[in-house]
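Look at the sequence and the model first, then read on.

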Amino acid sequence: MATRQRESSITSCSSASSCDADDEGVRGTCEDASLCKRFAVSIGYWHDPYIQHFVRLSKERKAPEINRGYFARVHGVSQLIKAFLRKTECHCQIINLGAGMDTTFWRLKDEDLLPSKYFEVDFPMIVTRKLHSIKCKPPLSSPILELHSEDTLQMDGHILDSKRYAVIGADLRDLSELEEKLKKCNMNTQLPTLLIAECVLVYMTPEQSANLLKWAASSFEAAMFINYEQVNMGDRFGQIMIENLRRRQCDLAGVETCKSLESQKERLLSNGWETASAVDMMELYNRLPRAEVSRIESLEFLDEMELLEQLMRHYCLCWATKGGNELAQKPGELFKPRSPKQPLRDVLWSSRSWKVKELESLK
């Protein structure tokens, strides 16, 4: 009852500002990713009762390999987040960079796994849209208010700050602005900190992403960084992906750092991180629990396993740590091989390049 009374205390204080028009293509990937997640949830790949409040259900059916790819992505990132929360006993903070319409905060609250504070950062235009949904929909606002100790909660078009959750509109390429806004929302550099970037760094130049990684490594005494994005982009399949995105005015400015798993790890190690691990998403998929794989594969028929393998070999999950050996996570500890382990097949380029057009929906 108390929560219902306080919901009306969330007020909007300003309108959204315009963002740089050059970033329009990148901002559009937020909508693409949200629609794909919404569709996968709707047919049972994973449980997320909150995404429906941020994005409509698309009438267009997504391909099975796209849905399985998103399942592996969500599962992999979730495993790393929960490992970090277990290691720190939730006495930590999480900063989701380029969060879009992500619902991790609400799902962690449902599992009683919230960190001391959860931050989200994205373009001001995207943040404005997310805050509008939070303001207007009690299933989103009520969990925030339940954790907030004050009587009122003010938010404007670009920022929300509460006791356990903050949403910030900022450009990740402007580190002074980013740091200023995070500190204004009570970011604590003494707490173990997990930073998450899903298909974010690849849209920055290598210099810009290196600066962000250096800032993250130097700002916290103990930290972990999760990066999900493209890999093996030098082959024909990768080139088709790049060309399709370019036609949508969405340039992968940082694609040169996505040559291999080794280049992904080296990027982290050369920018202040002490340990680095990486797996491509096909390897991760092959390490999923057999019962879970059987469940999701029963949801839809996939007639071309090669298409799934091609797709998953071009995305990877990387993570790095610094300032605490207890935070380091080895792939074998997080993603145990299935028994018996299915062999990884070498996949040749398929002439069915029409399928690659769907990759542009993978953010």
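## A buried glutamate

Glutamate 65 is buried, at 6% relative accessible area. Buried means under 20% relative accessible area, exposed over 50%, and partly exposed in between, using a 1.4 Å probe and protein chains only. Glutamate 65 belongs to helix H3, residues 64–88. Helices here are DSSP runs of H or I with at least four residues, numbered from the N terminus. The C-alpha atom of glutamate 65 is 8.7 Å from that of glutamate 309, though 244 residues separate the two along the chain.

## The model

This model is predicted: local features need pLDDT of at least 70, side-chain atom pairs count only at pLDDT 80 or more, and totals for chains, interfaces and linings use all residues. Residues are numbered from 1 along each chain as its sequence is written, and side-chain values use heavy atoms, without hydrogens and water.

A search of the whole structure finds 0 disulfides (pairs of cysteine sulfur atoms within 2.5 Å). Cysteine 316 is in no disulfide. Its nearest cysteine sulfur, in cysteine 318, is 3.5 Å away, too far for a bond. Cysteine 316 is buried at 0% relative accessibility. Cysteine 318 is buried too, at 1%.

## H7 against H8

Helix H7 (residues 175–184) packs on helix H8 (residues 206–219) at about 35 degrees, with the axes 11 Å apart. Axes are lines fitted to C-alpha atoms over the stretch in contact, and angles run from 0 to 180 degrees between N-to-C directions.

H7 contributes Leu175, Leu178, Glu179 and Leu182 to the contact (heavy atoms within 4.5 Å). H8 contributes Asn211, Leu212, Trp215 and Ser219.

Technical notes
Helix = DSSP H or I, 4+ residues; strand = E, 2+ residues; numbered from the N terminus.
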